[in-house]
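Work through the exercises below with the sequence and the structure open. Each task is followed by a solution in steps.

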Amino acid sequence: MEESQNHELAVRMADLARAVASPRSLQDVLAGVTAAAKELIPGVDTAGVLLIGPGNTFESLAGLNELPHELDELQMRFDEGPCRQAALADVVVRTDDFRVEQRWPRYSPGSIELGVLSGLSFKLYTADRTAGALNLFSYSAHAWDEDAVTTGMVLAAHAASAIVASRQEEQLKTALLSRDRIGQAKGIIMERFKVDDVQAFEIMRQLSQHNNTRLVDIATQIIESR
């Protein structure tokens, strides 16, 4: 039985690895991770991913239903909870029974009211200013064993890889857009003031320094004003 479970886990991990490498959206990849969590980990009734950004902004992604989003909203409102704690501090946060959980006095009653008695959250290493957690929930108390923790950690690693890959793609697109805008603005300056490429860039650089404004923003202003 254990050998069969290990084989199934290996197959799903290979599928997820291919998903991360393929041109799919971040939401699709994370949805595959949460679906795999429900399929591979006994006791998982629903799952989702919480991302926390600067200024206490947050995103609830890949929820198997609306419940993970509702739980994320509770945690961000109360500034406490296992998913938030995993995203910002601990690597693994495990709750066997929210009815006796003392760490989150405001969140735990809300979780119980929504029908969730057990939680298992894993930090996602996102390599930027965004913190994250893969979160598993059960309607039963004492739903988790050590195998659940191990499998969850593997799934969390794949979720983190997907987030990092998505952020890198966004940064590359931003860099290419910035380069194109700067090049277009240089062309406008060269045509208008009859200067060469180097002189046009120097004009933009001085404007950027004088106005304490990013070069790409100066380029955008030039393009829009012409």
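This is a predicted model: local features need pLDDT of at least 70, side-chain atom pairs count only at pLDDT 80 or more; totals for chains, interfaces and linings use all residues.

**Exercise 1. Aromatic rings**

Solution. 
- Step 1. For Phe-98 the relative accessible area is 2%, under the 20% cut-off, so the residue counts as buried.
- Step 2. A pair of aromatic rings is described by the distance of the centres and the angle of the planes.
- Step 3. The structure holds two aromatic pairs, and ring pairs link Phe-98, Trp-104 and Tyr-107 into a cluster.

**Exercise 2. A charge and a ring**

Task: Find the ring under the charged end of Arg-77 and give the distance to its centre.

Solution. 
- Step 1. The ring belongs to Phe-78.
- Step 2. The charged end of Arg-77 lies 5.6 Å from the centre of that ring.

**Exercise 3. The nonpolar cores**

Task: Which residues have the most contacts inside the largest nonpolar core, and which elements give two or more residues to this core?

Solution. 
- Step 1. The largest nonpolar core has 28 residues, and Leu-30, Leu-124, Leu-134 and Leu-136 have the most contacts inside it.
- Step 2. Two or more residues of this core come from each of α2, β1 (46–52), β4 (118–124), β5 (131–138) and α6 (146–193).
- Step 3. The most comes from α6, which gives eight residues.
- Step 4. A second, separate core has 18 residues, including Leu-67, Phe-98, Trp-104 and Tyr-107.
- Step 5. For Leu-136, setting aside neighbours within four places in sequence, the contacts include Ala-37, Ile-41, Phe-122 and Trp-144.

**Exercise 4. Helix α2**

Task: Compare the span of α2 with the expected value, and list buried residues in this helix.

Solution. 
- Step 1. Helix α2 covers residues 26–40, which is 15 residues.
- Step 2. From first C-alpha to last, α2 reaches 21 Å, close to the 21 Å expected at 1.5 Å a residue.
- Step 3. Among the buried residues of α2 are Leu-26, Val-29, Leu-30, Val-33, Ala-37 and Leu-40. Gly-32 and Thr-34 are buried too.

**Exercise 5. The whole chain**

Task: How many helices and strands does the protein have, and where is confidence lowest and highest?

Solution. 
- Step 1. The protein has eight helices and five strands, in the order α-α-β-β-α-α-β-α-β-β-α-α-α.
- Step 2. Of the 226 residues, 44% are buried.
- Step 3. The mean pLDDT is 84, and 82% of residues reach 70 or more.
- Step 4. Confidence is lowest in α1 (residues 2–21), with a mean of 58, and highest in α5, at 97.

Conventions. Residues are numbered from 1 along each chain as its sequence is written. Side-chain values use heavy atoms; hydrogens and water are left out. Helices (H or I, at least four residues) and strands (E, at least two) are DSSP runs, numbered from the N terminus. The expected span of a helix is 1.5 Å times one less than its number of residues. Buried means under 20% relative accessible area, exposed over 50%, partly exposed in between (1.4 Å probe, protein chains only). A nonpolar core is a set of buried Ala, Val, Leu, Ile, Met, Phe, Trp, Tyr and Cys residues joined through side-chain atoms within 4.5 Å. Contact means heavy atoms within 4.5 Å. Rings of Phe, Tyr and Trp (its six-membered ring) pair if their centres lie within 6.5 Å; planes under 30 degrees apart count as stacked, over 60 as edge-to-face and the rest as tilted. A charge sits over a ring if NZ of Lys or CZ of Arg is within 6 Å of the ring centre and within 35 degrees of the ring normal. pLDDT is the predictor's confidence in each residue, from 0 to 100.
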